Amino acid sequence: MKARVHVMLKNGVLDPQGAAVRHALGAMGFDGVEGVRQGKVIELDLADGSTQADVEKMCEKLLANTVIESYTVEMS
């Protein structure tokens, strides 16, 4: 079983990496980019029987800083 966790900064939280990427894209001639938010993807290989609730507990305790980040979980 696999899980994919997408972690992004919450709206309203300053994203300096996203701003740097947007600036660099503009400098390279990609003028149509108005904003960039950068996040991370974490892929987990899980034992059979693991649940989405288990992964959400992992996110709450370690994988995401829930004060400034939000996350979504995809199970497959």
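An open sheet of three strands, with strand order 2-1-3 and antiparallel pairing, is present in this predicted model, where strands are DSSP runs of E of at least two residues, numbered from the N terminus, and two strands pair if DSSP finds at least two bridges between them. Because the model is predicted, local features need pLDDT of at least 70 and side-chain atom pairs count only at pLDDT 80 or more, whereas totals for chains, interfaces and linings use all residues. Residues are numbered from 1 along each chain as its sequence is written, and side-chain values use heavy atoms, with hydrogens and water left out.

- The edge strands, each pairing on one side only, are strand 2 (40-45) and strand 3 (69-75).
- From one strand to the next the twist averages 20 degrees.
- Six bridges join strand 1 (residues 2-9) to strand 2 in the antiparallel sense, and Arg-4 stands opposite Glu-43 in strand 2.

**Glu-69**
- Glu-69, which is found in strand 3, is buried (under 20% relative accessible area, 1.4 Å probe, protein chains only).
- Glu-69 has no salt bridge, and the nearest side chain of opposite charge, Lys-40, is 4.1 Å away, a salt bridge being a side-chain nitrogen of Lys or Arg within 4 Å of a carboxyl oxygen of Asp or Glu.
- A polar atom of the Glu-69 side chain lies 2.7 Å from the backbone nitrogen of Asn-65.
- Apart from its neighbours within four places in sequence, Glu-69 is in contact (heavy atoms within 4.5 Å) with Val-7, Met-8, Leu-9, Lys-10, Lys-40 and Ala-64.

How values were computed. Helix = DSSP H or I, 4+ residues; strand = E, 2+ residues; numbered from the N terminus. Axes fitted to C-alpha atoms, helices over the stretch in contact; angles between N-to-C directions. Buried < 20%, exposed > 50% of the residue type's maximum accessible area, 1.4 Å probe, protein only. Lys, Arg positive; Asp, Glu negative; His and termini not counted. Polar contact = N/O pair within 3.5 Å; in protein donor to acceptor, adjacent residues only side chain to side chain.
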